[in-house]
Amino acid sequence: SPWRRRFVALVALILLPTGAAGLYLVLGSPQLPGQPQSARQDLSPEQRSITELVGRVEAHLEQHPDDGRGWEVIGPVYMRLGRYDDAVRARRNALRLLGESAVRQADLGEALTGAANGVVTAEAKEAFDHAVAMDPTDFRARYFLGLASEQDGRPNDAADIWRKLLAEAPADAGWAGFVRESLARVDPAAVAAPGPKAADVAAAAEMSPEQREGMIRGMVARLAER
């Protein structure tokens with residue numbers, strides 16, 4: 001579905017690549033069991049490494065289900081692999097065992113959205129609301145709350161959320177382009193007619209009243225042509 005495709009694209013953009021080496025550094029242990037050689041023969045070396053380490057972490061969690069750190073580590077890996085139901089379970093356990101935080105609530109909402117084919121369910125929205133209440137700057141939770149508004153048939157509310165998110169985005173925010181595309185769905189004019197740049201504002205401040213009036217007339221004329 002369109003929502004599922006958009007969700008997968010956003011997950012790929014937001015999540016940091018989870019390499020086998022990084023996973024092992026966090027949870028690696030000589031005591032964790034490996035997989036049989038026969039189960040690894042048809043995979044590439046990279047796939048074998050990731051699959052093997054995921055299997056080790058899962059075996060570890062079966063024996064130590066109260067290892068909150070383990071659940072928190074495996075959650076993003078499940079998201080990358082598209083195993084959203086497993087990600088929901090992992091993130092519920094991380095919340096239960098490690099305590100509530102804005103990031104963990106946003107993590108849970110994201111997993112619930114994935115499990116629902118990209119639809120922000122009522123339970124997912126509740127998690128995102130909790131995240132924003134704890135940290136009003138959490139960009140993931142705010143993005144998905146905008147998506148929930150769009151899916152509920154409230155495009156104006158979605159546009160308001162995404163405009164504010166873009167206004168506060170760092171200059172190097174990798175997710176800003178995705179938010180702009182989302183904003184364009186609900187408010188094409190927001191992308192087609194951006195506001196004046198900071199340099200334009202500074203230049204206008206130095207103009208004489210007559211120059212400023214001429215600039216404004218020119219802007220009005222261009223808008224009328226559009």
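**Figure 1. Contacts across the chain.** Take the contacts between residues at least 6 apart in sequence: 54% of them join residues at least 24 apart. Keep in mind that this is a predicted model. Going along the sequence, the pattern reads α-α-α-α-α-α-α-α-α-α-α-α-α, which comes to 13 helices and zero strands. The protein has 226 residues, and 38% of them count as buried.

**Figure 2. Helix α7 against helix α8.** Here we zoom in on α7, residues 122–134, and α8, residues 139–151. Their axes come within 9 Å and cross at roughly 140 degrees, and the two helices are therefore oblique to each other. As for handedness, α7 passes α8 in a left-handed crossing. On the α7 side, the contact is made by Lys 125, Phe 128, Asp 129, Ala 131 and Val 132; α8 brings in Ala 141, Arg 142, Phe 144, Leu 145 and Ala 148. Sort the residues of this α7–α8 contact by class and you get seven nonpolar, three charged and no polar.

**Figure 3. Helix α9 against helix α10.** Next up are α9, residues 155–167, and α10, residues 176–186. The axes of this pair come within 9 Å too, and they cross at roughly 155 degrees, so α9 is roughly antiparallel to α10. The cut-off behind that label is 145 degrees, with angles over it counting as roughly antiparallel. The crossing of α9 and α10 is left-handed. Look for Pro 155, Ala 159, Trp 162, Arg 163, Leu 165 and Leu 166 in α9. They meet a set from α10 made up of Ala 176, Val 179, Arg 180, Ser 182, Leu 183, Arg 185 and Val 186. By class, the α9–α10 contact has nine nonpolar residues, three charged and one polar.

Figure 4. Across the protein the mean pLDDT is 76, with 63% of the residues reaching 70 or more.

Methods: Residues numbered from 1 in each chain as written. Predicted model: local features only at pLDDT ≥ 70, side-chain atom pairs only at ≥ 80, totals over all residues. Heavy atoms only, no water. Axes fitted to C-alpha atoms, helices over the stretch in contact; angles between N-to-C directions. Helix = DSSP H or I, 4+ residues; strand = E, 2+ residues; numbered from the N terminus. Parallel < 35°, antiparallel > 145°, perpendicular 65-115°, else oblique. Left-handed = near helix turned anticlockwise from the far one by under 90°. Contact = heavy atoms within 4.5 Å. Nonpolar A, V, L, I, M, F, W, Y, C, P; charged D, E, K, R; others polar. pLDDT = per-residue confidence, 0-100. Buried < 20%, exposed > 50% of the residue type's maximum accessible area, 1.4 Å probe, protein only.
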